[in-house]
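Q: I would like to go through this model step by step. Could we take one chain as a whole, then a contact between chains, then some individual residues?

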Amino acid sequence: MTKEDNQRKVVIPGEVIVKGDNYLPGDGTEKRGEEIVSIKYGLSEEQNRLIKVIPLSGIYHPRRGNVVIGKVENLTFNGWVIDIGAPEGAFLSLMEVPKYVNKDGLDEVMDFGDMVIAKIWSINKRGIDLSIKSRGLGKIDEGIIVKVNPNKVPRVIGKEGSMVKLIKDETGCNITVGQNGLIWIKGDKIEDELFAKKSILFVTEKSYISGLTEEVKKWFEKEKK
Amino acid sequence: MTKEFKRPDGRKVDELRKMSAKVGVVPNADGSAMFSFGDTIAIAAVYGPKKMHPQHKQNPEKGTLRCNYNMISFSVNDRIRPGMSRRSMEISEISKWALEPVLMIDNYPNMVVDVHINILQANASTRCAGINAACLALAHAGISMKNMVSSVSIGKLDKQLVVDVDKKEEDWEEGEGATDIPITMTSDDKITHLQLDGKITNKQLKDAIELARKACKEIYEVQKKALKESLGEEK
Amino acid sequence: MDKVQKTSNMTGERIKEYLSNGKRFDGRNLEQFRELIIEPGISKNAEGSARVKLGKTEVLVGVKMNTSEPYPDSPNKGNLMVTTELLPLSSPRFEAGPPKIESIELGRLIDRAIRESKLIELDKLCIKEGEKVWTVFIDIYSINDDGNLLDAAGIGAIAALKNAKIPKYDEKNETVLYEESSGKNIPLSKDIPVSITAHKIGENIIIDSTREEEDISETRVTIGSSNGIVSSMQKGNSKELSIKEMEHILDLVEKVEKEISLKINKSIK
């Protein structure tokens, strides 16, 4: 075991990440004999002997607990079908709305083409179930939506939310980052929203540089001049 | 292989044309790539995995891979009429068979992965360039794969085996003429695609497969570099 | 799958609100093109070719030539044929299969802009009157669709034509020798017809629309013109335009058309 093995590195499908019996295969990997092999293109990472590969591109893979932003695609007799950019359909049931909704009045709450911030509370064979019962969730009417690659969401959020906080502070906008790569920006002025959007796109473009927060701070200083 | 054999473009018998590869060439796609052997340029884009429509085509046990290979009209000297030909339909299916063994398609029940391959410029070996681009695009799309695949055409010109056939070689007429053998292999040396047009002895065909194995290693390195560099550039 | 792709209600409303304030989501003003990159000569087997990028929109255009019989009503004129393929590779909304109306219309619009402006001097493409003339094929392929494929295709078609060299024709054997160039350009008139498409969104007129903007556009007008002379035009989509709006579009197009044709000329030595 060398030092390098602890570091993140880019791996491709079929590439051996580590050898030896004392490792466990995590997401994006499999064990072949003594080797842990990547089955994805992404960054390999080791944590307590568990090896996993974080994908760097491709579509959104939903997980329980994710906050996502989606668009109402269809209305059924007991809820809404929401497009969250995942291959499986996502469903928001009447029961998961924080207030009483008359079954005939679904469209008054949310209609075709409306946007909603929701949380994934269950993933099963039938599909994804959403809820808007917690705070900060629900239909959105104002602001703009920015679409980024879902794999870059962690960088937009930053360590413990540091990046998104920085952007909020610098632009004065309210920002909600959906794990599916849709980001909601709401500011007082159009200029503020565009500025926040520009900064988010800067973050995603530079997402692989180290010391990104410092770079973004510098970027803000330059832009504000 | 004792006598010096002269290839039309002066390459050594086991020398590939200059290769290049790049991922992310189609921003709209979930994964995409370009791959070229000399003047043969292929691009591929992957959409999915996504729900299969119509529903009755869904397979609850595993996902479906669809390939769609085509050449653009001005990729060759004699303009190709736009649209699918019998040839492009067959190559689409061949490409699918070449790629499917490494895809962990069981992970995507009821879903479909679409791979679109377009040949922008042709100087022979287009299906091989297409498969190489498609494999890169699939990896770039984050699809689970056991391995990569690499594809190359081995030619027999008169009696001589050569690697990575170009158009002049494909049209070779001297002696025994040309035999074209496109082969695709996984990075752990398994064959996923093999075709042959022409005449060759059993023994020489075995040599051809060994030549392909070595060439695929070189192609694999180019593919690997393209995937790794797509992030390195931004580092 | 139309409904899946459509822009959300909120985005639609906000695009309109932004436009009313003279702004667009990507920071442009209403009359501004995205960054335009023209790369001529990108294909070795075409007589002429170009790659055009408009922001994230990308098209490839190739010119191929072959000989054929002239049409009976124009025995001494070459032929022109324009086709477009909206590749499934370039967008999740394009499907494989026979061409749809969108791609047919695109090809026809480019065809008319070139034909009606008399850009190609077709009478100079006659080999033997009544028997043999050149046919110029212009083939357009979408590589990535982020809106305004139409204008990108039109720019690409002109760049590819200007880039083209006529292949050598072997009169004795009546064959085209594609490997050998005659060294001659396709005879083109000096004025190049640029197609510009304007969209009406809410109460505003914009040019070079993105995919998102096109999705909520209610009306579009495509104008092929050269130095203020209009030679082809088409209004698309089911919504009316006032005369005043039409006049505004004409003035706007005249202004932009000059910038674009300068850029095309600059890209080709």
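Q: How many helices and strands does chain A have?
A: Chain A has five helices and 16 strands. Please keep in mind that this is a predicted model.

Q: What box do the C-alpha atoms of chain A fill?
A: Along the principal axes, the box is roughly 60 × 55 × 25 Å.

Q: And what percentage of chain A is made up of buried residues?
A: Of the 225 residues in chain A, 40% are buried.

Q: What about contacts in chain A between residues at least 6 apart: what percentage join residues at least 24 apart?
A: That share is 55%.

Q: Now a single residue. Where is B:Phe35?
A: B:Phe35 lies in strand β2 of chain B, which covers residues 31–37.

Q: Why does B:Phe35 count as buried?
A: B:Phe35 counts as buried because it has 31 C-beta neighbours inside 10 Å, and the cut-off for a buried residue is 20 or more.

Q: Which residues does B:Phe35 touch, leaving out those up to four places away in sequence?
A: B:Phe35 touches B:Ala21, B:Ala42, B:Ala129, B:Asn132, B:Ala133 and B:Leu136. As for B:Ala226, 191 residues apart from B:Phe35 along the chain, the two C-alpha atoms are separated by 9.5 Å.

Q: Over to chain C. Which strand holds C:Ala50?
A: C:Ala50 is in strand β2 of chain C, residues 48–54.

Q: How many C-beta neighbours does C:Ala50 have inside 10 Å?
A: There are 29, so C:Ala50 counts as buried.

Q: And which residues does C:Ala50 touch, again not counting those up to four places away in sequence?
A: C:Ala50 touches C:Ile38, C:Glu39, C:Pro40, C:Ile42, C:Val61, C:Gly156, C:Ala159, C:Ala160 and C:Asn163.

Q: What separates the C-alpha atoms of C:Ala50 and C:Val63?
A: They are separated by 9.0 Å, with the two residues 13 apart along the chain.

Terms used: Residues numbered from 1 in each chain as written. Chains lettered and ligands numbered in written order. Predicted model: local features only at pLDDT ≥ 70, side-chain atom pairs only at ≥ 80, totals over all residues. Helix = DSSP H or I, 4+ residues; strand = E, 2+ residues; numbered from the N terminus. Buried ≥ 20, exposed ≤ 12 C-beta atoms within 10 Å, placed from the backbone. Contact = placed C-beta atoms within 7 Å.
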